[in-house]
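Here's a quick briefing to read with the structure open beside you.

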Amino acid sequence: MKKDNLISVTEIQRFCMHDGPGVRTTVFLKGCPLRCAWCHNPETQSTAQQILYYPQKCIGCGACVAVCPRGAHRLTEDAHLFDRALCQGCRACVAACCSGALEPSRKEMTVEEILTVVEKDRAFYGALGGITLSGGEPMAQPENALALLRECRRRGIGTAMETCGYFDASYLEALVPLVDLFLWDFKDGNPARHREYTGVDPARIRQNLCRVDALGGVSVLRCIMVKGVNMQEDHYEAIASLWHSLQHCKHVELLPYHAYGGSKMIPLGMEDNGRREWIPSEEDMETAKNILIKKGIRLK
Amino acid sequence: MTFYAPNGRVRPVRLSESTRQFAWDSLNQKYGQDALKTMAISMDDLENYESMTKLERYDEAIYRIATQAPIRICPDEKLSGAATLGMAINHRVPATYGGKTVTYSISHLTIDFETVVKYGVNHIRAKAEAALQTHLGTEREPFARSCIHCLNCLDLWHQRYLDALSSMPGYEANYRNLQRVPHQPASNFYEAVQSIWFIFAFNRLCGNWPGVGRLDYLLGDYLEKDLRDGTVTLDEAREILAHFFIKGCEWITGNSNFQNGSGDAQHYQNILLCGIDENGKEVTNQVTYLALDVLEELGISDYPTSVRLNANTDPKLLRRLAEVMRYGGGILAVYGEDTVIDSLTKYGYSLTEARKFANDGCWEVQVPGKTFFAYIPFDSLRVLQEKTLKGYAPDRAFDSFEDLYAAYLVNVQEAVEAIYRDRTSKLLKPNFREHEWQWGEQKPCTVISLFEGGCIESGHSYVEGGPVYNVLSPHIGGLADAVNSLYVIKKLVFDEKKLSFAELMTVLTNNWEGNEPLRQYVIKTYPLYGNDNDEVDAIYARLLNDFSAFCRQLDGRCDYKFPAGVSTFGRQLEWAPFRMASPHGRRAHEVLAGNTSPTPGSDREGATAIIRSYCKADLVNLPTGAALDLKLLPSSVEGEDGLDALVALLQGFVALGGFFMQPDVVDASVLREAQEHPEDYQNLSVRVSGWNARFVTLCKEWQDMVIDQHEKG
């Protein structure tokens, strides 16, 4: 049974340089309301415990086969077969696996446990760095995210949050004063495409961001560039209109799609869904930047 | 002319075309190849060679070098003097008799350039003449006479340059400067640079490899005065300083002909920048920034340059350092000078002396210009495997981790004592005893002794107790792997009781054959040194404390200092064949950790965790130093965020009490590419350890080791 005061985390990564200013410790929270076709962290989407299986690490010792109560693992002459339909997530195989080929995707951690890790790099944070909540969508666990941020505030650790912006607006007033910088994803300004490629309507995301801004929250807009999908004039125009409506947005960052997230589907037992044709060339990125600069946007 | 930058960056252009051309030629071996044409001066015509004393032979060699070595004046060069004999590049006095080297030369020291620049060689001569009067009729007289002789030789060499330059159009400034320096005190920045260069070049001509020391400290006041008087501009000063760096590349030969293929660019000519002076005032000045400009533009790695940082270091300076570091090549390393100074004063140096610290040409700390220095390495992993665990004898058993650790400490102490006995027997005059110490006779080295405080006065050479401080530093190597071995034994055998001691011995004897699941379990389960795991880091800190205490126990028993340090430099390569499988999942003969760095591939938590682990030891107990090699991916330091991150790393390192760190920014894939197409990567440099090497001049084994460190690090 999951207790309220436990936070579902996939990973805590130290010495992150690109998740906000300075040196940051990024805490990836598990669970996301969106299902972006280009997701870079697919293991963070589901709130469920998923067993990650890394075939290249398996040495074929058979320990998982021996301990699995459901017969989900089988060894053949040349392969280790893992039938996820049978798996109930008991993690007996994870404990038995000697090589790290089987790992749980979810760890349950208390605020204190997370902060113990975060505190380790305090000497490196200086005036700029600190914690970054990422995911997944941190606000998919709203009370947990707030508790974590509140404790960081109390301890004087800088805070940033990467968010898709799709969460319950009633938390905003509590949230905004706790976050030094929102790294706000703005995926597509075309509502139909947004629904098609992420599964949700963008109106709420935009409303939330405007509310954050009205409450004085500082933000950076992060826009993924997916060639042939959202690298279109209507999206650029939407970015521009959003940028010009915000008071506290520092700049816009364009992030080129990469296919690496697709390969992270494999440990989840799914096909690599990376799409090479979606990767924008350097020229494509230059073009997009120039369009946005012409629209008066400050780019990083 | 594109000066190589590994990460696709484009270096800025500030220097004149002719200076850049000079750099290009030097980096591309023009002068190194030239030196190889005249390897040494022959002494074969000396009829009485066999009957001469070693010192007489040495004096004759120096005379012949000074009068016969080729004079080299490069196109448009702003500084004069060149070390033109090829054998000096191999760390020998470049004179032969019957085809054999007359004697080896001196390195691992930074000589006293301060006296040269401020007071001039005439001041040194006056000291030598006074000393000769004191030592007349004593057994010190031959050395005292040799000092005068070598100063005369310097004068002869100096006169040859004056003669050559006097009739050459375009070198009027060089001629004018040499009329004054190095004999008289420098009166301006240009003269000061020439003075240092000339003495540096003379020492190198005679085969020695001195370090340069604190260049901004030595030159800053001169530049400040000239700028104030309007007699030089910053741009002009940058050109002059650039020539100092470029001329230091005159030994680049493109082939690795020294020390088992460890590169053609390691002649221990280190430079230090920044940090406080003897009064506690920050030194950083215009010369600091000009030196950084030159390093940034030309990518010269031949003077491994270190910066002394402290808690008050200007963030603007840190940012400038980070900008230069990002070009890769390991060009800048950093000291946490508060820790270093604490360490030296705690050891017994006065605060004033401690604040002057420089290094020996790698990174071992010393008081420059007055310290004899040597370090003696030993492999602590091999001690554990061979002595404590008797080569994994099946009957080896311990009841507890504490028993094992205690037995290991006995063996570590024996290793330290063996070093002490061995060195003492080599340095002590025969038939004397420790407590009535007399320095024994060693190879002659008068030239370098002239520039080491204490030698002239005492009548003893650099290697015979002449300098004010004489330091022999035992260096523990294989540290991370010894620590990791102990930790894994503790966990596996004593805490978790996964298997018995005897069973583990068998597993290791069999080199993990047939025990892959256990090996994988060990690798997966135990966070080793470098992951900020308090449990293993505590063993690391404890071992270093115990080791340094053993050194201290022996210190003061005789006439040299015996401070502890940590290093392997590249010895992890030569030690590999002697090492058996390790409890932390490593197979026999693997190339393992270097210096105070983690075992390759074992650090999974990133750079901050490595620094945290390293800083958990009482680094102040290691007065000659403990180096941390830090490999960073170019992508991690991209953009403004990357600069912020690098600055934050440096600040964190200082705040946590780090001693010395060598960050290097390069991608392993670039190194692989260079291995396959060396012709395209002639000037790709990497930080090997205390020095930088041009990657393509490393032999295959060294290249592989460096690639491995970058891939796994």
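Let's start inside chain B, where 9 bridges join E12(B) to strand E13 (residues 469-477) and the two run parallel. Keep in mind that this is a predicted model.

- The whole sheet is an open one of 3 strands, and its order is E12-E13-E14 in chain B, with parallel pairing.
- Which strands stand at the edges? They're E12 (371-379) and E14 (565-566) of chain B; each has a single partner strand, so one side of each is left without a neighbour in the sheet.

**A look at Thr596(B)**
- To find Thr596(B), go to the loop of chain B that runs between helix H23 (571-575) and helix H24 (607-614).
- Is Thr596(B) buried or exposed? Its relative accessible area is 1%, so Thr596(B) is buried.
- What is Thr596(B) in contact with, leaving aside neighbours within four places in sequence? Its partners include three tyrosines, Tyr529(B), Tyr540(B) and Tyr614(B).
- Leu479(B), Val566(B), Ala626(B), Ala627(B) and Leu628(B) are also in contact with Thr596(B).

- The size of an interface is often given as the accessible area lost when the parts come together.
- Here, chain B and chain A bury about 1900 Å² between them, and 61% of that is on carbon and sulfur atoms.
- Three residues, Lys524(B), Thr608(B) and Asp641(B), supply 30% of the area that chain B buries against chain A, more than any other three.

**What holds the eye at the interface**
- You can count 3 salt bridges between chain B and chain A.
- One of the salt bridges pairs Lys300(A) with Asp641(B), and their closest N and O atoms are 2.7 Å apart.
- There are also 8 residue pairs in polar contact between chain B and chain A, both residues being at pLDDT 80 or more.

Definitions and conventions
Residues numbered from 1 in each chain as written. Chains lettered and ligands numbered in written order. Predicted model: local features only at pLDDT ≥ 70, side-chain atom pairs only at ≥ 80, totals over all residues. Heavy atoms only, no water. Helix = DSSP H or I, 4+ residues; strand = E, 2+ residues; numbered from the N terminus. Buried < 20%, exposed > 50% of the residue type's maximum accessible area, 1.4 Å probe, protein only. Contact = heavy atoms within 4.5 Å. Buried area = accessible area lost by both parts, 1.4 Å probe. Salt bridge = Lys/Arg side-chain N within 4 Å of Asp/Glu carboxyl O. Polar contact = N/O pair within 3.5 Å; in protein donor to acceptor, adjacent residues only side chain to side chain. Pairing = 2+ DSSP bridges.
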